[in-house]
Amino acid sequence: MTTDELAAAVTKAVPESVTAHEDGLDMPTLTVAAAKLVEVATYLRDTHGKNFLSAVSAVDHLGYGDDVAGYFGTERGRDVNSPGSWGTPMTVAAPAKRFAVRYHLAHVGDGPTDRVRLQVWLDDGEEVPTVVGVWPTADWHEREQYDLMGIVFTGHPNLKRLIMPTDWAGHPLRKDYPIGGEPVQFTDAI
Amino acid sequence: MSTVERPPAPVLPLYEPAKIPGGAPSKVDPPPGADLITVNFGPNHPSTHGVLRLIVTLDGEVVVGLDADIGYVHTGFEKNFEQKTYWKGIPYSPRMDYVAFFANELAYVGAVEKLIEIDVPPRAQWIRMLFAELNRIHSHLIYLGTSAVEMGALSVFFYCLRERDSVLDLFEMATGVRMHDRYPQFGGVAEDLPKGFYAECRRFLAEMPKRIDEYLDLLAGNPVWKSRYQGIGTIDAETAIAMGLSGPNLRGSGVPYDIRRAEPYLAYDRVQFDVITRDKGDAYDRFMCRTLEMYESVKIVEQCLDSMPSGPVMSDNRKYVLPPRHELHTSMESLIHHFKLVTEGFRAPPGQLYHPIESPRGEFGCYLVSDGGTKPWRIHFRAPSFVSLQSTAMMSVNRYVGDMIVVVGSLDGVMGEADR
């Protein structure tokens with residue numbers, strides 16, 4: 001099934017859910033409206049056999065592409081293994097919103113793995129519904145992204161910090177989180 | 001010697017997460033109103049394979065509530081990767097899962113190679129596969145040794161460490177260090193196999209199957225081992241997939257999901273091996289899967305030695321690959337490339353990709369986002385230990401507290417990887 005067919009099938013089953021789709025470097029990528037995420041997830045699991053949630057990865061795009069001005073790099077599809085084909089200057093596509101939450105799905109069982117990626121764009125303060133009800137394994141994945149990236153998953157049964165100490169301030173994987181200069185924890189305990 | 005009859009496990013309904021609406025799947029809340037005691041188990045405890053904290057609610061000796069807490073060895077690997085150029089990220093990757101170090105390097109290096117679309121010479125692929133399987137043997141030996149020592153079988157631990165040492169000798173011979181080798185690099189491997197490696201490796205391969213026979217003789221039919229392992233931590237195939245288990249944990253429940261077979265990377269489509277499965281899904285089956293997998297790894301390493309092609313072990317694309325050391329003294333261009341790669345690094349095309357491989361613990365994935373700069377914009381690792389430890393609660397509840405140790409051991413979690 002091509003990405004176009006998949007996007008059409010999902011849109012048919014859940015109207016106004018897929019806002020964009022692309023082939024991606026590794027797997028088909030569907031951009032999904034946050035409000036329709038659970039419906040799309042349930043549909044993909046039940047009808048397309050995407051029973052395995054590999055990972056939930058949140059990405060902060062604050063300042064994305066700012067440092068690559070004058071980029072002399074590569075056009076996708078060129079042959080990097082023949083010397084001297086350095087491609088043309090190109091700019092990076094601006095992200096739709098600041099955060100992207102990406103769900104990597106796969107089929108485990110008979111037949112090929114058929115991986116698919118769902119992505120949801122969010123601004124700071126926007127929330128995304130939890131998919132714990134669809135794939136129970138999302139429990140810790142979502143807690144991790146909440147902890148380190150500050151994405152709030154609405155309806156999560158136990159949304160609290162998992163990796164950082166429970167009284168930690170801030171979300172370390174955000175791009176505006178200071179590197180160095182933060183107060184040293186537990187110094188008062190000595 | 002008279003055998004002590006163990007009282008049968010209490011007859012309580014099996015925990016089924018789907019039937020508890022609104023509850024978190026990785027946590028079991030204790031029943032209200034009973035006369036219960038809550039114990040803090042860990043984070044520093046010899047049987048938790050690192051610093052895993054379990055908040056256990058006990059009814060007598062029976063676990064009725066459990067909440068696992070991780071994060072005690074969180075060192076911010078993902079944030080660190082964002083501050084390093086791609087080349088400088090390689091030494092970081094093996095330090096996450098310090099038992100399956102080579103698999104972690106492969107995932108990171110493989111993801112970056114996919115992004116920059118560099119060709120890896122066939123010989124380098126086969127060398128990587130050889131060491132990936134040696135690393136799998138190493139990891140399973142550590143699992144077997146540590147989970148046996150938790151059952152009081154101290155001698156198995158020493159036997160396993162003896163063979164582990166032979167594996168590490170092979171690593172040392174080829175890479176110069178015993179662990180955390182930085183051997184796979186973008187475009188190939190650091191150096192070709194040294195003289196005498198084949199003979200040394202064949203000697204090990206001749207020895208290893210006999211040693212695995214020995215472990216199975218010691219443990220597989222041992223009544224104490226069977227009474228501690230069989231029927232403990234049972235999980236059915238459907239729940240295992242829903243909880244995201246992978247690797248031997250999933251294959252122990254009868255699902256033949258192995259990325260080496262499902263999406264062959266390196267040269268796994270050119271070697272013969274069996275995907276070991278068992279169908280009961282208890283700790284004993286997971287133990288059998290891992291132990292029998294060592295035979296398969298030995299088979300793959302043998303095939304690597306037999307049919308490894310000759311040729312270069314490193315790509316000659318100097319825009320991404322460090323030039324050979326001797327060229328720096330004679331070639332200005334090599335010196336420039338070396339300087340650029342070491343200081344600024346190479347620029348990877350913008351894009352995102354997810355690169356999963358079969359680590360000894362299951363699906364280890366590297367999710368990489370590039371903005372076209374010299375450093376990864378975001379890197380996220382799908383750590384199989386992180387995922388499998390979620391199932392601790394549902395596997396341990398309604399059993400004796402002693403069985404919880406077996407459950408944690410049988411999931412084979414490495415906390416360095418879970419916390420990153």
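Predicted model: local features only at pLDDT ≥ 70, side-chain atom pairs only at ≥ 80, totals over all residues.
# Notebook: a look at chains A and B

I began with Asp114(A), which is partly exposed at a relative accessible area of 48%. In my notes, buried means under 20% relative accessible area, exposed means over 50%, and partly exposed is what lies in between, with a 1.4 Å probe and protein chains only. To find a residue, I count from 1 along each chain as its sequence is written, and chains are lettered from A and ligands numbered from 1 in the order in which they are written.

Most residues other than glycine have a negative phi. I found Asp114(A) in the loop between β4 (99–106) and β5 (116–122) of chain A. Helices (H or I, at least four residues) and strands (E, at least two) are DSSP runs, numbered from the N terminus.

Which residue of chain B has a positive phi of about 50 degrees although it is not a glycine? I found Arg420(B), in the segment after α16 (415–419) of chain B. Is Arg420(B) buried or exposed? Arg420(B) is buried, with a relative accessible area of 2%.

I looked up the elements of chain A and found 3 helices and 7 strands. Read from the N terminus, they run α-β-β-α-β-β-β-β-α-β. Of the 190 residues of chain A, 49% count as buried. I then turned to contacts, meaning heavy atoms within 4.5 Å. Of the contacts in chain A with a separation of 6 or more, 58% are between residues 24 or more positions apart. Chain A exposes about 8,600 Å², and carbon and sulfur atoms supply 54% of that; these areas come from the Shrake-Rupley method with a 1.4 Å probe, and for residues only the protein chains shown count as cover.

I picked His104(A), which sits in strand β4 of chain A. His104(A) counts as buried, at 0% relative accessibility. Which residues does His104(A) touch, not counting those up to four places away in sequence? The list includes Met27(A), Phe52(A) and Val116(A) from chain A, and Tyr354(B) and Tyr367(B) from chain B.

Chain B has 16 helices and 9 strands. Of its 420 residues, 61% count as buried. For 420 residues a compact globule would have a radius of gyration near 22 Å, and the 23 Å of chain B agrees. That radius is taken over C-alpha atoms, and the globule rule is 2.2 Å times the number of residues to the power 0.38. Along the principal axes, the C-alpha atoms of chain B fill a box of roughly 80 × 45 × 35 Å. Among contacts in chain B between residues at least 6 apart in sequence, 71% join residues at least 24 apart. Chain B exposes about 15,600 Å², with 55% supplied by carbon and sulfur atoms.

I counted a salt bridge when a side-chain nitrogen of Lys or Arg is within 4 Å of a carboxyl oxygen of Asp or Glu. Over all chains the count comes to 43.

I looked at Glu133(B) and Arg260(B), which form a salt bridge with the closest N and O atoms 3.3 Å apart. Glu133(B) lies in helix α4 (residues 122–150) and Arg260(B) in helix α10 (residues 259–262) of chain B, so the pair ties together parts 127 residues apart in sequence. Both Glu133(B) and Arg260(B) are buried. They also belong to a network of salt bridges whose members include Arg136(B), Asp258(B) and Glu358(B).

Next I checked Asp274(B) and Lys299(B), a salt bridge with its closest N and O atoms 3.8 Å apart. This pair links distant parts of the chain, 25 residues apart: Asp274(B) is in the loop between α10 and α11 (283–307), and Lys299(B) is in helix α11 of chain B. Asp274(B) is partly exposed at 45%, and Lys299(B) is partly exposed at 31%.

My last pair was Glu163(B) with Arg162(B), with the closest N and O atoms 2.8 Å apart. Glu163(B) is buried at 4% relative accessibility, whereas Arg162(B) is partly exposed at 33%.

Terms used: Heavy atoms only, no water.
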